[in-house]
Amino acid sequence: MTEPFVGEIQLFGFDFAPRDWAFCNGTTILIRQNTTLYSLIGVTYGGDGRNTFQLPNFSGRASCGSGTGPGLSPRSAGLAFGADNVTLHTPEMPGHTHSFTAYLQPDSTKRASAPSAGNSLTLPLDSPVMAKDATADAKFAAGMIGPTGGGSSHENRQPFLAVNFSIALQGVFPQFS
């Protein structure tokens with residue numbers, strides 16, 4: 001491997017940071033211990049800028065390029081964003097329908113307490129979720145079809161593979177162009 005640039009970040013498939021590298025896990029470093037790296041990243045990833053600075057923290061995070069593009073939000077180096085869990089609300093769901101067909105079963109011998117071919121769970125007009133004394137083409141009772149769920153969140157992460165992000169503490173100082 002060629003000599004890395006100071007501040008270069010690489011992915012490694014093993015469970016240790018190579019010599020002169022450190023894990024990108026948000027570690028706080030004294031500025032006086034690595035003035036070269038501090039001169040490049042400053043407090044972009046945290047620290048007080050007087051005595052300390054922090055390494056980038058890729059623990060449980062994916063990387064994203066900085067900058068902007070058509071239709072994209074601007075992202076600057078050091079900006080952490082996104083959420084591990086989200087709760088969907090009705091306006092965020094795509095438009096869709098839940099069809100429901102109810103048939104009147106006047107023959108009481110064909111009524112059953114469990115679904116079976118040719119039978120109905122209840123006589124629709126006797127059901128508490130149907131409109132009482134309804135005529136043909138009447139609307140369902142208000143509680144018949146509607147939002148459901150407990151409002152709890154669900155995981156919202158893309159599939160990923162765990163590897164170690166490491167940053168070069170020593171190496172060639174990158175030239176500005």
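R50 is exposed, at 66% relative accessibility. Here exposed means over 50% relative accessible area, buried under 20%, and partly exposed in between, using a 1.4 Å probe and protein chains only. R50 forms a salt bridge with D48, and the closest N and O atoms are 4.0 Å apart. A salt bridge is a side-chain nitrogen of Lys or Arg within 4 Å of a carboxyl oxygen of Asp or Glu. D48 is partly exposed, at 34% relative accessibility. A search of the whole structure finds one salt bridge.

This is a predicted model: local features need pLDDT of at least 70, side-chain atom pairs count only at pLDDT 80 or more, and totals for chains, interfaces and linings use all residues. Residues are numbered from 1 along each chain as its sequence is written, and side-chain values use heavy atoms, with hydrogens and water left out.

**Overall fold**

The protein has seven strands and one helix. Their order along the sequence is β-β-β-α-β-β-β-β. Helices (H or I, at least four residues) and strands (E, at least two) are DSSP runs, numbered from the N terminus. Of the 177 residues, 18% are buried. Contact means heavy atoms within 4.5 Å. Among contacts with a separation of 6 or more, 60% join residues 24 or more positions apart. The accessible surface comes to about 13,400 Å², and carbon and sulfur atoms hold 54% of that. These areas come from the Shrake-Rupley method with a 1.4 Å probe; for residues, only the protein chains shown count as cover.

T52 sits in strand β4, which spans residues 52-54. T52 counts as buried because its relative accessibility is 17%. Leaving out residues up to four places away in sequence, T52 touches T28, I29, L30, I31, V43 and G47.

G26 lies in the loop between β2 (21-23) and β3 (28-30). With 14% relative accessibility, G26 is buried. Beyond its neighbours within four places in sequence, G26 contacts Q54, L55, P56 and N57.

C64 belongs to the loop between β4 and β5 (85-86). Its contacts, not counting residues up to four places away in sequence, are R75 and F81.

| Pair | Separation along the chain | C-alpha distance |
|---|---|---|
| G26 and F58 | 32 residues | 7.6 Å |
| C64 and A77 | 13 residues | 9.0 Å |

D20 is in the loop between β1 (9-12) and β2. D20 is not a glycine, yet has a positive phi of about 70°. Most residues other than glycine have a negative phi. D20 is partly exposed, with a relative accessible area of 38%.

**The largest pocket**

The largest pocket holds about 1,300 Å³ of space. A pocket is an open set of points on a 1 Å grid over the protein atoms alone, where a 1.4 Å probe fits, with protein on both sides within 12 Å along at least five of seven lines; lining residues have an atom within 4 Å of a point. The volume is the space filled by probe spheres set on the points. The lining has 38 residues, and F58, G60, R61, A62 and S63 lie nearest the pocket centre. By type, the lining divides into 19 nonpolar, 15 polar and four charged residues. Ala, Val, Leu, Ile, Met, Phe, Trp, Tyr, Cys and Pro count as nonpolar; Asp, Glu, Lys and Arg count as charged; the others, Gly among them, count as polar.
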